[in-house]
Amino acid sequence: MNWRTIISVILLVSLTVVKALPRSFCDIEKRNGIGQRFSQLQEKNFKAIAMIMFAQYMQGGTFGKAVKMAEDITDLAKRCAAAGRDNPDCLKPLNRILLDTICQEENLSEFTDCCAKKNAERNNCFLSLKNSSRGFISPFKRPNAAAACKNHSQHQHPSPGYFIYEVSRQHPFLYASTILSVAVRYEEMMKNCCENAEDPTHNLEECFWRQTPKVMKPLKEDSLKQEHTCAILAKSGERTLKALKLAQISQKFPKADFITVTKLVMDIVNMHKDCCCGDMLDCMHDREQLLHYVCTNQDILSSKIKQCCEKPLLQRSECIVNAENDDKPADLSSHVREFIKDKGICERFAQEKDRHLDRFLYEYSRRHPEFSAQMLLRIGKGYEDLLKECCKPSALNDCCSRGEEELKKHIYETQSVMKTSCDIYKEKGDYYFQNELLMSFAKKMPELTSAELIKFTKQMTTIGSKCCWLSQEKLLPCVEENLDLVVGEICRRHLTHPISPGVGRCCSNSYAFRRPCMGKLETDENYVPLSLTPGLFTFHEDLCMTEEEELQHKKQEMLINLIKYKPQITLEQLTSVTAAFTAMREQCCKEGNSEACFVKEGPELIKRSEKMLSA
């Protein structure tokens, strides 16, 4: 199996087959037959996508098993395309045949319950088993540079077929098009670093060290975004995802008319439905069709995507998503008062509620690229609530006007929260800003482990470094849309291992209100504080280490334990305990035998700290 050839062909292939896709969410029984799909994609492309799907469903399976299954299912598809269209097996969709194949394997007890189910229930069961948690699958380890280049030159499996397999099973929700796009970047890295491998002046290890982040960072980001999208679809439903995409597309293409934008929104949502159901064949085809439409209609959509549309197929989507919003039409008014002042709004709201609300969201979003999509959804929900109230026969004459005041208040509060947070970040910097977040979230969510609290607050701090230096027009979309990803990750964690009733209420809330809800959480009153056991606070000579990053990590773990021990700790108490710890550390690190000093002074510090905390 020459995976390098497969990727090259996928870069060039155009999946321009006309189809009418069924749109019942995750109803895999209504998909196109395996033979028809093989004819559309051709052998190499079909085999690559089958490999990805097997690796994502059977995350614990070996590379050899995934290759063998992909080859077997490709051989079946090949026979079906040639002469087997009347064979019942040939009419089955790929997902069904794939799951049939897995269920026929021996020694796969983890799938027993799922295999006992049928049709869509079985597919949903398999989807529920996908695990993207860090540590569930050992991370992909880049092979020794010299060995990797040797394998690359001999076309052996680690480059890039094995890479596709590893990425697929570590990121089971990642779309096939993204995996193949990353594989192209991986192949480019191998080529760039290995072409001068025989040159003694060429530092192979340095080359890999420098280029690996360019491959892996976008992979992790895309995986998180795509899992987040699938979670929105599963938890909040198709209507919520449509509203989110309507706000985003209206901002990106403000010159496009309402009909065009709603067509794009439906195409995007249908694509995500196929991708989230694990149907990577339809997923790939949907994306290609969508990109074709966007790039052939640039004149009515955007002046900012011309260069994107000139890129290869797999790079085009990422480029368009990251492209700047198009300029607003010169004659676009700054307000949408016709949705408030018009005497016929209540009649339109009663007759075509959803379309009226969609048009409001479209008109408001295209006028406000400085707002986040989540905030626009909250504004849309506020408008719906306003009409429900103001269209009652008993409503006061100034009802809608009072709604406008509430809207201004919400916008001001949201912008103020983001600005205040960024001001704190700019003043304190990464480490101390993260400590502020740790103090807050360790009180709100003490049930999270220290590693989880550090991870989530580190992600929030990274958002500060990414967004807080942007202009006022770009600040809110950057901050809230990235925070939304972190909130989504916390909610998925709560779904598998419940954190607290407060977090549960926020995660069950309307999608757009989850972030403000978590921001307003107070100290978890139901949490039972940690007991002061001998192992809770330990001090050793490794506190004198020179590696600042590792020392900061240890300090943060101690901070978390301190708050878990005393959730009601005040800032004054924390400051006093921190000062006492710093003095002890400085004293012991000056001693010849620092370990002996910590053994003696550590218990004394704990006793003094207990008194400070009980004062």
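A polar contact here is a pair of N or O atoms within 3.5 Å; within protein, one must be able to donate a hydrogen and the other to accept it, and residues adjacent in sequence count only if both atoms are side-chain atoms. The model is predicted, so to speak of local features we ask for pLDDT of at least 70, and side-chain atom pairs count only at pLDDT 80 or more, while totals for chains, interfaces and linings use all residues. Numbering runs from 1 along each chain as its sequence is written, and side-chain values use heavy atoms, with hydrogens and water left out.

**View A. Arginine 492 and glutamate 227 meet through their side chains.** The polar contact spans 3.5 Å. Arginine 492 sits in helix α24, residues 472-496 (helices are DSSP runs of H or I, at least four residues, numbered from the N terminus). Its relative accessibility is 17%, so arginine 492 counts as buried (under 20% relative accessible area, 1.4 Å probe, protein chains only).

**View B. Cysteine 491 and cysteine 507 form a disulfide.** A disulfide is a pair of cysteine sulfur atoms within 2.5 Å; here the sulfurs are 2.1 Å apart. The S-S torsion is about -90°, so this link is left-handed. It bridges helix α24 and helix α25 (residues 501-508), with the two cysteines 16 residues apart.

**View C. Cysteine 506 is joined to cysteine 517.** The S to S distance is 2.1 Å, and -75° about the bond makes the link left-handed. Cysteine 506 lies in helix α25 and cysteine 517 in helix α26 (residues 514-519), so the pair ties together parts 11 residues apart in sequence.

Definitions and conventions:
Buried means under 20% relative accessible area, exposed over 50%, partly exposed in between (1.4 Å probe, protein chains only).
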